Amino acid sequence: MKKTFLATICLLAGMNIHAQQIDIQPTPQQVKAPTQSLDMNGNYQFIGTQEANPYAVKSLTTLLGTETSEKKGLKIIIGERSDKAIKKYGKFIPKQEEGYFIRISPKEIVLAGNDERGTFYAVQTLAQLLEEGKLPVTEITDYPEIRFRGVVEGFYGTPWSHQARLRHLKFYGENKMNTYIYGPKDDPYHSSPNWRLPYPEQEAKQLKELVNVAKENAVDFVWAIHPGKDIKWNQEDRDNLLNKFEKMYELGVRSFAVFFDDISGEGTKADKQAELLNYIDEQFVKVKKDVTPLIMCPTEYNKSWSNVKGGYLTTLGTKLNPSIHIMWTGDRVIADMYEGDVEKGGMKWINNLIQRPAYIWWNFPVSDYVRDHLLMGPVYGNDLHIANLMSGFVTNPMEHAESSLLAIYGVASYAWNPDVYDSEKAWRDAMKAILPGAAKELEIFATHNSDLGANGHGY
C-alpha cells in the first residue's frame, strides 16, 4: 500500500462564477477550457508520492504546503505511467517523452507523467495555474515537439558566475527546458591548455553543485570539452579524454559533448574526429548505461564555412555512430533556421549530409561579436514547422546572464510547441515573469536594447 500524505493547506471544492483564463508557458498541446475554479482553502491528501519522481514531489509539496498525517480532503494523485496510483489514467497520458496529463476537478487533481520528467513538468504547469489561491477546473494533455531544448554557454568573453548558473538552472526547469551545455570558451579546463587536467578542488565542488541543481530541475547538465586545438590522434590522448570524462562522471555528470569548433590544423580532420568520438561512445557512453547520447560540435558547423566537395560533413554522416548528435548553426554562424532543400540550404540540406536530424546551436542572443550591445529583443525568425527536422534546439546566450533571460524564455516557448509560437506574446510574457513589478519599464529598456547594429556576420 502506498502511504498517503496530507497537507495543511485547506481546500474547499468551491465553484467560482468567473473561471480563470488559462495562460501557460510554454503553450500546451491541448487544454480544455475551464468553466469553474477551485478555491484552495481546505484539506487535501497526496497519493502516489512514494513511487513518483522525488523532485516532482518536492516541487509539489513546496508549492502546496507541508504534509500532515490526516486522511481526508481533496485527493492529489501524482506519478508516472507505470505507478500503481496512476495506472487507471494511462489512456490519457501522451506517449511522447516528457509528456504529461493533468486533470483538475472538484473530486481530485491528477498529475500524471509519461516518465519522471513529464511528472515534473506537470507540477510546473500546476504552479502556473495556481493563482491567488485558485485553480481552474480543466484537463491538459501536453508534450514537447523538440526532444532537447535549452542553453549552450558557449560564448567568448567572461563566463557566467556560479550564482548566475544556479539561477538559470532553476529558470530552465520552470520553463520546461531540459538541457544546459557547459562550454564557456574561456574555461581553461574545458579547452586548451588544460583540458587533460582535472578541475581544481574549488571549481570541481561548484560543478558538482551545478550538476545536482540541474538534476533537481529536470535538466541534463552537459559538460563539454574542446580538445581540438592541440589534440594528438593517439592512444595517449584517447586515454586523457576518457580519464577526464571519468573525473566528470565522478562529479555526477551524465551528459557529455565534444566541441571541434573554431580550430585549425590537425584537429579538423573529420575521419579522426569520427574515430575518436566513436571510441568514446563505445568505451564510455554505452558502457556506463546511465549516460545520455554524446553531442559533438563539428569544425564545419555552418553552411557558409562548409566545403562540401572536401567531404568533411559527409564523412561525419557516414562514419559517426548514428546515436551521436551533430550541432549546426545554420546557413551562417549567426542565422535563423528554415526547412530548405537538399540543394540550396536549410535543415534538409544539412540533414542530408550528416544523415541525422541536426542539433541546432542557435547563436542568439549571444553578443560576443557586437559587445557594445545588449540583445534583448523578441525571439523570432525560425521556421515554426521544422520540429521534426531537428534533434535539439539550444540558444547561445550573452555573457550577461540576467539580460539573456528574455530570449531564453522565448526559446523555451518556441522549442516546446513551435506550431503556435507567438514571438511578441512570449517576449512580453517573459518580462512579466522575470520582472513582474516593473514589466513596462523593462519593455522600454529592452526595446532600446534590441538592435545589433552593423556587424560582420550580417545578421
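Predicted model: local features only at pLDDT ≥ 70, side-chain atom pairs only at ≥ 80, totals over all residues.

Colleague: What volume does the largest pocket have, and which residues lie nearest its centre?

Modeller: The volume is about 950 Å³. The largest pocket has 32 lining residues, and Gln124, Ala127, Gln128, Lys170 and Glu174 lie nearest its centre. Two or more lining residues come from each of helix H1 (54-64), H2, helix H3 (162-174), helix H4 (201-216) and helix H10 (423-434).

Colleague: Which element gives the largest share of that lining?

Modeller: That's H2, with six residues. Helix H2 covers residues 116-129, and its 14 residues reach 20 Å from first C-alpha to last, close to the 20 Å expected.

Colleague: And how do I read burial along H2?

Modeller: Count residues with under 20% relative accessible area as buried. In H2, 11 of the 14 residues are buried, so the helix is largely enclosed by the rest of the structure. Among them are Arg117, Phe120, Tyr121 and Gln124.

Colleague: Where does Arg117 turn up again?

Modeller: Look at the second largest pocket, with a volume of about 540 Å³. It is lined by 24 residues, and Arg117, Lys215, Ala218, Val219 and Asp220 are the closest to its centre. H1, H2, H4 and strand E13 (220-225) each give two or more residues to this lining. By class, the lining of the second largest pocket has 10 nonpolar, four polar and 10 charged residues.

Colleague: Now the closed spaces. How many cavities of 30 Å³ or more are there?

Modeller: A cavity is a space where a 1.4 Å probe fits but cannot get out. The count here is two. The largest cavity has a volume of about 80 Å³. Its lining includes Phe148, Asp220, His325 and Tyr359. Strands E13 and E14 (255-259) are the elements giving it two or more residues. By class, that lining has six nonpolar, four polar and one charged residues.

Colleague: What about the second largest cavity: how much space lies in it, and what lines it?

Modeller: About 30 Å³. Among its lining residues are Pro378, Leu406, Tyr421 and Trp427. Helix H9 (405-416) and H10 each give two or more residues. The lining of the second largest cavity divides into seven nonpolar, three polar and no charged residues.

Terms used:
Residues numbered from 1 in each chain as written. Heavy atoms only, no water. Helix = DSSP H or I, 4+ residues; strand = E, 2+ residues; numbered from the N terminus. Expected span 1.5 Å × (residues − 1). Buried < 20%, exposed > 50% of the residue type's maximum accessible area, 1.4 Å probe, protein only. 1 Å grid on protein atoms, 1.4 Å probe; cavity = no way out; pocket = protein on both sides within 12 Å on 5 of 7 lines; lining within 4 Å. Points joined across faces, edges and corners; volume = space filled by probe spheres on them. Nonpolar A, V, L, I, M, F, W, Y, C, P; charged D, E, K, R; others polar.
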